[in-house]
Amino acid sequence: MIAKVYSCTILGLQVSAVEVEAGVYGGLPEFLLVGLPDAAVRESRERVRAALVSSGYRWPARRLIVNLAPADLRKEGGGLDLAVAAGILTATEQLGQDGMEEYVFMGELSLDGSLRPTRGVLPAALSLAGVTRRFLVVPEENYAEACRGTVQVIPLAHLSQLRELTARKKAVESGILGAGPAGKLFFGRDKAEGACGQEKDEAGDKEKEGARGRKEGRIKSAEKSAGFTADLTMVRGQLQARRALELAAAGNLSLMLLGPPGCGKSLLARCLPSILPPLDQEEALMVNRIYSSAGLLTPDKPWISERPFRSPHCGITKAGLLGGGQPFLPGEISLAQHGVLYLDELPELDKNVLESLRQPLEEGRITLRRAWGSVTMPASFQLVASANPCPCGFYGDGRVECRCSDFQLRRYRARLSGPLLDRLDMIVHVPRLGPELFQDREALPETSAAVAARVARVRQIQKARGPKAALTIKDLQDQLAGPAKKLAALAYEERLMTARGYYRLLLLSRTVSDLAEEEKISQASLAEALQYRQEFQS
């Protein structure tokens, strides 16, 4: 007998349907798994065998072939275990075949038959909208994540619960399935049927909620906002850097902070998320799709509601930044989607890693081509970088003498190429603070909440104007006031700007004018913007 069940595999953010065909044939006992599986999928043979036996199912003493179609599609990860097990049970008539076309199975099996969480459940749940397969069967720990999609979700805690699949489908359709205290699941009235084994009285109380339990309880999760660890009230002085941070947040601009050790560069960068507007629904959905495909959503936090802040070490590899590996995982630039990517000690990063930032900074996405195919990942992030002015960090400090030779200084600055620096919107020097600023307790800095209110107002103005990518140099030049046009032409000639650098200057000037609620870009706004496009030198 040949049985067919359905699953899917994740490559980047792309969800590809997988048809699992299981057939039992005569001959010596053997288990073959074909269809271009990777190492993790090939090893599922032993996991599935042990899980079936541990769950009380019968293992066929015949030749067993499982085909993962289409054959030319690479299958990665352990999320196909549950589908392979369901296919074998259907082929050996231990499960009924009627209605199997309605299910999509995702989950990794343990040797004792329990189900482990798998990555990519949210993209799978979203991709199933509008198709004939209406039920997504997932491990219990992926339940809250999967419920964010529009498909109906059936959670399982153990492989033995496949016997109850039809009953569980009816419970999902009738709204009996819900969430109990601490986000635990219940199913029906009998605690033995509960996905988390709750007491009968707890299940009965929840069952009375009916439709409300389905709509609200299934999505109820342990969403806990971690909050922001840094606030602008922690930053004393540094008025220019604070202003640059506000402009970066208002205009979604990239920023590089230059200064000696301990002047507050890292603290300023960590304050940026506290003044950014919250994620809207579309942005939050994209962020969570990426984190789900990376396996970073957990039962305790199945939904990310704040903007990401990623701060990788300066020793990060190119694959770690852009994405890659087997199985393919999103890189830091994708994990920072709609958030902040903070690169501390920027010149210390590998040269190839630095230059790989060019395309995502320009296009907002990254396309990677490997031997098995290509994948395109989103990379619309806000870059904040920091660096010392020289290898010892004290060039131009005025208090501590710089120990670097001219050769060391030139070599250090040459690590950042001209094309990369030209793609940065702002380069700002952050000086060392004097002790008097820490002793003044009356002059309290402005809070992040006050700055965030101004940023939100500017974002609304920009949203009404249209997307930033649609603004051309001609559009921005038409918005220059009369005196500002002369200053812009002079700056272009005197600073030997490229067309890209000139465009970014005009974008920055437009943001300064928006903060001042000016309809045109004034000469004062353009002059201020010029101060934030400094050279990589003291």
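Predicted model: local features only at pLDDT ≥ 70, side-chain atom pairs only at ≥ 80, totals over all residues.
Two strands pair if DSSP finds at least two bridges between them.

As a general point, strands of a sheet pair through backbone hydrogen bonds, either parallel or antiparallel. Strand 2 (residues 14-25) and strand 4 (residues 63-69) are antiparallel, with seven bridges, and valine 20 has leucine 68 in strand 4 as its bridge partner. With strand 3 (residues 30-34), strand 4 pairs in the parallel sense over five bridges. There, valine 34 stands opposite asparagine 67 of strand 4.

In soluble globular proteins, nonpolar side chains tend to be buried together. In this model the largest nonpolar core has 51 residues, and those with the most contacts inside it are Leu245, Leu255, Leu272, Ile275 and Met426. Helix 22, residues 499-515, supplies the largest share of this core, namely eight residues. Apart from it lies another core of 44 residues, which includes Ala284, Trp303, Ala385 and Leu420.

What surrounds isoleucine 275, once its neighbours within four places in sequence are left aside? Isoleucine 275 is then in contact with Leu232, Leu245, Glu246, Ala249, Ser448, Val451, Ala452 and Val455.

Next, a helix pair. Helix 21 (residues 482-494) packs with helix 23 (residues 523-531) at an angle of about 25 degrees, and their axes are 8 Å apart. Because angles under 35 degrees count as roughly parallel, helix 21 is roughly parallel to helix 23. Helix 21 contributes Pro483, Ala484, Leu487, Ala488 and Ala491 to the contact, and helix 23 contributes Gln523, Leu526, Ala527 and Leu530. By class, this contact of helix 21 with helix 23 comprises eight nonpolar residues, one polar residue and no charged ones.

Finally, the backbone geometry. Most residues other than glycine have a negative phi, and most peptide bonds are trans.

The bond from alanine 69 to proline 70 is cis, with omega near 5 degrees, and proline 70 is in the loop between strand 4 and helix 3 (81-91). Glutamine 326 and proline 327 are likewise joined by a cis peptide bond, with omega about 0 degrees. Proline 327 is placed in the loop between strand 14 (323-324) and strand 15 (329-330).

The others concern phi. Glutamine 238 has a positive phi, near 50 degrees, in the loop between helix 8 (211-217) and helix 9 (239-251). Glutamate 517 also has a positive phi, of about 55 degrees, and is in the loop between helix 22 and helix 23.

Are these two residues buried or exposed? Buried means under 20% relative accessible area, so glutamine 238, at 8%, counts as buried. The cut-off for exposed is over 50%, and therefore glutamate 517, at 54% relative accessibility, counts as exposed.

How values were computed: Residues numbered from 1 in each chain as written. Heavy atoms only, no water. Core = buried A, V, L, I, M, F, W, Y, C linked by side-chain atoms within 4.5 Å. Buried < 20%, exposed > 50% of the residue type's maximum accessible area, 1.4 Å probe, protein only. Helix = DSSP H or I, 4+ residues; strand = E, 2+ residues; numbered from the N terminus. Contact = heavy atoms within 4.5 Å. Axes fitted to C-alpha atoms, helices over the stretch in contact; angles between N-to-C directions. Parallel < 35°, antiparallel > 145°, perpendicular 65-115°, else oblique. Nonpolar A, V, L, I, M, F, W, Y, C, P; charged D, E, K, R; others polar.
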